[in-house]
Amino acid sequence: MADPFIPAPEDFAFHREVRGAVGTTGLGEELASLLKGGEILLLHGRLGAGKTCFTQGLCRGLEVTQEVVSPTFTLVNTYTGRLTVHHLDFYRIEPDADLADIGVPDILDQVDDGTAVAVVEWPEIFRPELGGGLPYLEMLATGGKETDDRIWHLRGRPTVPVAWANVFTGASPQPPTGA
């Protein structure tokens, strides 16, 4: 039976398979090099799919030295590195919860200012906070060939940046505009 909160893999434009937890953290670390500040990453996947593992790699790539752990019970963990990372997890939150109570408007202000990134696990309740105009990237982790392998799926609103698409397709980076 399909989980109504987890999008279908075929709804994502880009896909990349990684081997084990090392591959998942490696993908996060690789994508961290593309972050400039102001990005919102929505992470989907079943329990144990690797969302926090991905975030650990992302934080490592952003030079975070703190231990990165799942915010399932704290709801928000904030880490400082090259950028501030707000790691949110709404798995245990009630659908009618007021996200202002946990500081979501302030987090979105920091992201909008370009001083932080937001990484959101179980983002269904968070999506309305984005309104109609805030851009974001969505990633979905599904099972791969082996038990610990993952296929990471990527889509974005309004689009996926070329550099991100290249990480998923293995294409060479595009030269900067005007080069």
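Predicted model: local features only at pLDDT ≥ 70, side-chain atom pairs only at ≥ 80, totals over all residues.
The largest share is that of α3, which provides 3 residues.

Helix α1 spans residues 20–32 and includes Thr25. The relative accessible area of Thr25 is 13%, and this residue is therefore classed as buried, the limit being under 20%. When residues up to four places away in sequence are left aside, Thr25 is in contact with Cys53, Gly57 and Arg60.

Aromatic pairing was examined next. A pair of aromatic rings is described by the distance between the centres and the angle between the planes. The model contains 3 aromatic pairs. One of them, formed by Phe54 and Trp152, is tilted, with 5.1 Å from centre to centre and 35 degrees between the planes. Phe54 belongs to helix α2 (residues 51–61) and Trp152 to strand β7 (residues 150–157), so that this pair ties together parts lying 98 residues apart in sequence. Both partners are buried: Phe54 has a relative accessibility of 0%, and the relative accessible area of Trp152 is likewise 0%.

Another of the pairs, between Phe90 and Phe126, is stacked, with a centre-to-centre distance of 6.1 Å and an angle of 20 degrees between the planes. Here the two residues come from loops: Phe90 is located between β4 (84–89) and α3, and Phe126 between β5 (116–121) and β6, so the pair links parts that are 36 residues apart in sequence. Phe90 is buried, at a relative accessible area of 4%. Phe126 also counts as buried, with 0% relative accessibility.

A further interaction with an aromatic ring involves a charged side chain. The charged end of Arg155 is positioned over the ring of Phe12, at 4.3 Å from the ring centre.

Several features of the backbone were also identified. The peptide bond between Arg157 and Pro158 is cis, with omega at about 5 degrees. Pro158 itself is situated in the loop that runs between β7 and α4.

Positive phi values occur at Glu63 and Leu75, neither of which is glycine. For Glu63, phi is near 65 degrees, whereas for Leu75 the angle is about 75 degrees. Glu63 is found in the loop between α2 and β3 (76–80), and Leu75 is likewise placed in the loop between α2 and β3. The two residues fall into separate accessibility classes. Glu63 has a relative accessible area of 57% and is therefore exposed, the limit for that class being over 50%. Leu75, in contrast, has a relative accessibility of 18% and is therefore counted as buried, since this value falls under 20%.

Notes:
Residues numbered from 1 in each chain as written. Heavy atoms only, no water. Helix = DSSP H or I, 4+ residues; strand = E, 2+ residues; numbered from the N terminus. Buried < 20%, exposed > 50% of the residue type's maximum accessible area, 1.4 Å probe, protein only. Contact = heavy atoms within 4.5 Å. Phe/Tyr/Trp six-rings, centres within 6.5 Å; stacked < 30°, edge-to-face > 60°. Lys NZ or Arg CZ within 6 Å of the ring centre and 35° of its normal.
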